[in-house]
Amino acid sequence: MTIREIIGKLNLDKNLSEPAIKWIEGNNILCQEYSRQLLKNKLNKISRLDNIKKLAIVLYTLPFTYKAYLEKGIDENIFWDTMSDIKIWCKNDFERFNTLGLENINWIKKHLTLKIFRLKRLQFEFSRFMILPHAKFKDILKCPFRLGEKCITLHIPQGEKLDNELCKQSLSMANEFFAKYYPDYKYRCYTVITWLLNPDFKSVLNEDSNIVKFGKMFDLLGYVPDSDMNERRVFGYDKDRKNYNPKNALQLYTLSRIQNKKPLYSYNGYRAK
Ligand SMILES: CC(C)(COP(=O)(O)OP(=O)(O)OC[C@H]1O[C@@H](n2cnc3c(N)ncnc32)[C@H](O)[C@@H]1OP(=O)(O)O)[C@@H](O)C(=O)NCCC(=O)NCCS
């Protein structure tokens, strides 16, 4: 699979892919070196490059990752679903920094090194059971899992509704996926760190809403103030609050917490396998 074929499948905009390809074509040896560094998790030099060059290195590396998927026998669709996050993050980084390309290479590196997989609606990452630093706790004594034990952390990519049936399918697919392709990776639970587990949402949103149903899938462990993340996820990257125009209960709730200087949190949840 060539880089151009991969770019075609990823459906990247031309204003991203063309300058990236041009840079690859003029800097093949350098790309090889940076790609090697990326796969070894050495990001010092790469992180100083501009976002088009960072994207170029990611694109350059994709055929190697594709080969690694095929060698493990992992379904090709999982590769494309996992790599669809590259386009999402180019969009986020453009909204955030107003520059073309990919800033968040630290995140996409995990996709390239087979540390994270998208299985239908959710992403799954090899991880260790942890407590958020400086967290306040909820029912910690009830938690049957040990700090540092192997687990799988899940993530919720933007761009689609959080349909509960799809989430359940994702979780059962994850059970099968890790048992089949990583049989030596023994884990007992899934964890998640997200603003979506806010217990207030049970009263703010409809009982049938996707977010409330998602929250019910996890036990809460701890929470830390994370107002910026909440604000960004609910109002986007435009930090000018004068432009906020709340359209639903979630935005009204978030804005009222901000205006009343009450913190919003990220929550640490877990769920037995
Ligand atoms: C997770 C996500 C897909 C949930 O969206 P959803 O499936 O629409 O959730 P719900 O159906 O429960 O939403 C209930 C209401 O809140 C609104 N809503 C949900 N997420 C919203 C968001 N991020 N910003 C603004 N409004 C949102 C919905 O439009 C809906 O409004 P309505 O009642 O007027 O129709 C969505 O929040 C999202 O894309 N978030 C970005 C990704 C993310 O936050 N990941 C977690 C990172 S830690």
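Trainee: Which residue is the bridge partner of Lys136 in strand 6?

Mentor: The partner of Lys136 is Tyr223. Please note that this is a predicted model, in which local features need pLDDT of at least 70 and side-chain atom pairs count only at pLDDT 80 or more, while totals for chains, interfaces and linings use all residues. Residues are numbered from 1 along each chain as its sequence is written, and side-chain values use heavy atoms, with hydrogens and water left out.

Trainee: What are strands and helices here, and when do two strands pair?

Mentor: Strands of a sheet pair through backbone hydrogen bonds, either parallel or antiparallel. Strands (E, at least two residues) and helices (H or I, at least four residues) are DSSP runs, numbered from the N terminus. Two strands pair if DSSP finds at least two bridges between them. Here, strand 3 and strand 6 (residues 219-225) are antiparallel, with two bridges.

Trainee: In what order do the strands of the sheet stand?

Mentor: The sheet is open and has seven strands in the order 1-2-4-5-7-6-3, with mixed pairing. Strand 1 (116-119) and strand 3 (136-137) are at the edges with a single partner strand each, so one side of each has no neighbour in the sheet.

Trainee: How many bridges join strand 6 to strand 7?

Mentor: Six bridges join these antiparallel strands, and Asp219 has Tyr270 of strand 7 as its bridge partner. Strand 7 (residues 265-272) also pairs with strand 5 (residues 189-194), in the antiparallel sense over six bridges. There, Thr194 stands opposite Tyr267.

Trainee: At what angle do helix 1 and helix 4 pack?

Mentor: Two packed helices are described by the angle between their axes and the distance between the axes. Axes are lines fitted to C-alpha atoms, for helices over the stretch in contact, and angles run from 0 to 180 degrees between N-to-C directions. Helix 1 (residues 3-10) and helix 4 (residues 51-72) pack at about 100°, with axes 9 Å apart. Helix 1 is therefore roughly perpendicular to helix 4, a term for angles of 65 to 115 degrees.

Trainee: Which residues make the contact?

Mentor: Contact means heavy atoms within 4.5 Å. Helix 1 contributes Ile3, Ile6, Ile7 and Leu10, and helix 4 contributes Leu59, Tyr60, Leu62 and Pro63.

Trainee: Which atoms of Lys161 and Trp195 lie by the ligand?

Mentor: A polar contact is a pair of N or O atoms within 3.5 Å. A polar side-chain atom of Lys161 lies 2.7 Å from an oxygen atom of the ligand, and one of Trp195 lies 2.9 Å from a ligand oxygen atom.

Key:
Angles under 35 degrees count as roughly parallel, over 145 as roughly antiparallel, 65 to 115 as roughly perpendicular and the rest as oblique. A polar contact is a pair of N or O atoms within 3.5 Å; within protein, one must be able to donate a hydrogen and the other to accept it, and residues adjacent in sequence count only if both atoms are side-chain atoms.
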